[in-house]
Amino acid sequence: MLRKLIAGNWKMNGLRHSLDQVSSLMQKVGKAPKADILICPPALLLMEMARMTKDSPIMVGGQDCHWKESGAHTGEISAQMLANAGASHVIVGHSERRADCGENSKTVRHKAEAALAAGLIPIICVGETLAQREAGEAASVVRDQVEQSMPTQSKGEIVIAYEPVWAIGTGKVASAADIAEIHALLREQVGPGIRLLYGGSVKLGNAAEILHIENVDGALVGGASLTAEDFFGIIENA
Ligand code: PGA
C-alpha cells in the first residue's frame, strides 16, 4: 500500500494572516503524521510558508506552473521558480484551469514535464463533467485525459488526482462505488507505483470513507484545507 498523501489546495484564498492556520496545523501534526501532508497556497504565500514549514513534515506546492523555464510570459510562474521558492509539488491541469484558462491535456502534459525537469512532483488533475458522467462517458474521458496529460519520457514521481468536476466545491461527493470504479481503472492504466488522489468536496465527515476505498492513496482537498482544524481532521482519517 502506498503512503497516503493529503494535499490542500487553497486556490485563490489566503492572505498573510492565513499563515496562522499553518502554524496551528504544524502544532497539531507534530513530527510523525499519519500521512504525507502538502499545502498548495497562492503563489505569493509560498515562500513564507516554505520557510515556516522547513523543519516540519508539511510540504508546500504550487497550484500551477508554466511549461517554459523562463522568458517573456508576463504574469506566469515557472516550475523552476516554485522549486526555488521551496515547493516540492505542483498541481497541473486542475479543472478550474482547464475551464477558466482553456488548458487542454497537451498543455497539462508540457506543464507536468516542466515540473519534473525542475525536480517537482506534478499532481495531474483529471475528471469528467456532469454532462459527461450522465452520458456514460466518465471512464473514457478520464482515461483519455490521463493518457494525454501524462509525461511521456521524463522520469520522476507523478501523482494523479481524480476530481469529478461536478463534485468540486459543490458539496456533492461521488459515491464510494463510483470512486472505486474510476480508481480501479486508473490503477490499471498507470500501474502500481503512482499515488491516486480523490478530490471533490472531501471534508471531515466523509474523509474516513473515501480514504479507505481501494486504490485511493490520498485526497486533494479544497475548501476544507483552509482551516487547520478541518484539514487536520482529514489527515487523521488517512
Ligand atoms: P473542494 O475542491 O474540496 O473545495 O471541492 C477540491 C479541488 O478542487 O481540489
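Leucine 186 is located in helix H8, which spans residues 176-190. The structure described here is a predicted model. With a relative accessible area of 1%, leucine 186 falls under the 20% limit and is therefore classed as buried. Between leucine 186 and arginine 3 there is a separation of 183 residues in sequence, while their C-alpha atoms are 17 Å apart in space.

A ligand is also present in the model, and its position is in the second largest pocket.

In the side chain of glutamate 163, an N or O atom is 2.6 Å from an oxygen atom of the ligand. For lysine 11, a polar side-chain atom lies at 2.7 Å from a ligand oxygen atom. Glycine 223 takes part through its backbone, where a polar atom is 2.9 Å from an oxygen atom of the ligand. On its own, the ligand has 280 Å² of accessible area, and the protein covers 95% of this area.

Conventions. Residues are numbered from 1 along each chain as its sequence is written. This is a predicted model: local features need pLDDT of at least 70, side-chain atom pairs count only at pLDDT 80 or more; totals for chains, interfaces and linings use all residues. Side-chain values use heavy atoms; hydrogens and water are left out. A polar contact is a pair of N or O atoms within 3.5 Å; within protein, one must be able to donate a hydrogen and the other to accept it, and residues adjacent in sequence count only if both atoms are side-chain atoms. Accessible areas come from the Shrake-Rupley method with a 1.4 Å probe; for residues, only the protein chains shown count as cover. On a 1 Å grid over the protein atoms alone, a cavity is a set of points where a 1.4 Å probe fits but cannot get out, and a pocket is an open set with protein on both sides within 12 Å along at least five of seven lines; lining residues have an atom within 4 Å of a point. A molecule sits in a cavity or pocket if more than half of its atoms lie within 2 Å of its grid points. Helices (H or I, at least four residues) and strands (E, at least two) are DSSP runs, numbered from the N terminus. Buried means under 20% relative accessible area, exposed over 50%, partly exposed in between (1.4 Å probe, protein chains only).
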